[in-house]
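This briefing is intended to be read alongside the sequence and the coordinates. Please keep both at hand.

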Amino acid sequence: MRQAAENLLAALPADQGAALRFGFEDPERRVWHYTPGPRPGVSLADMDRGSAKSVHHLLTTALSRAAHTRVAAITGLEDVLDESEGGRRARHAGDYWTAVFGDPGAAVWGWRFE
């Protein structure tokens, strides 16, 4: 998992790498939302293909194949939900955000995909 997080950070341009990183004690680490909207970090929509693949590689370090399949299906269904809601919430598959809290090389660190 550490290596996958470091690979993700290395895959991002400097500005996105800075936007994705937070201190481990940042209060944002404890904030979680279920509803669509901007989050701290970088969205899949703003990443290039290689960086987005690095996010999915990080996900596979924490999830079973079945769970990762569900995540991929859920993110893809955002466009279907947007259509069924008449576009009022502006959902889209790229509106999933990744953040890294602390340094993946440290004893204590974390990440979030939301």
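The model is predicted: local features need pLDDT of at least 70, side-chain atom pairs count only at pLDDT 80 or more, and totals for chains, interfaces and linings use all residues. Residues are numbered from 1 along each chain as its sequence is written, and side-chain values use heavy atoms, with hydrogens and water left out.

**Largest pocket**

- The largest pocket has a volume of about 500 Å³. A pocket is here an open set of points on a 1 Å grid over the protein atoms alone, where a 1.4 Å probe fits, with protein on both sides within 12 Å along at least five of seven lines. The volume is the space filled by probe spheres set on the points, which are joined across faces, edges and corners.
- Its lining comprises 22 residues, and Tyr34, Ile74, Glu78, Tyr96 and Glu114 lie nearest the centre; lining residues have an atom within 4 Å of a point.
- Helix 4 (residues 65-84) supplies the largest share of this lining, with 6 residues. Helices (H or I, at least four residues) and strands (E, at least two) are DSSP runs, numbered from the N terminus.
- By type, the lining divides into 11 nonpolar, 5 polar and 6 charged residues. Ala, Val, Leu, Ile, Met, Phe, Trp, Tyr, Cys and Pro count as nonpolar, Asp, Glu, Lys and Arg as charged, and the others, Gly among them, as polar.

**Helix 3**

- Helix 3 (residues 49-62) has 14 residues and should span 20 Å at 1.5 Å a residue, which agrees with the 21 Å between its end C-alpha atoms; the expected span is 1.5 Å times one less than the number of residues.
- Ser51, Ala52, Ser54, Val55, Leu58 and Leu59 are the buried residues of helix 3 (buried means under 20% relative accessible area, exposed over 50%, partly exposed in between, with a 1.4 Å probe and protein chains only).
- Seen down the axis, these buried residues fall within an arc of 155°, so they line one face of helix 3; the arc is that of the directions from the helix axis to the C-beta atoms.
- Arg49 and Lys53 are exposed on the other side of helix 3.
- The cover over the buried residues of helix 3 includes helix 1 (2-11), helix 4, strand 3 (97-101) and strand 4 (110-113), where contact means heavy atoms within 4.5 Å.

**Helix 1**

- In helix 1, the buried residues are Ala4, Ala5, Leu8 and Leu9. They cover an arc of only 140° around the axis, which puts them on the same side of helix 1.
- Among the elements covering them are helix 2 (14-20), strand 1 (21-22), helix 3 and strand 3.

**Loop residues**

- Histidine 33 lies in the loop between strand 1 and strand 2 (42-43) and is partly exposed, at 39% relative accessibility.
- Not counting residues up to four places away in sequence, histidine 33 touches Arg39 and Glu114; histidine 33 and glutamate 114 are 81 residues apart in sequence and 7.9 Å apart in space, C-alpha to C-alpha.
- Alanine 90, in the loop between helix 4 and strand 3, has a positive phi of about 55° although it is not a glycine.
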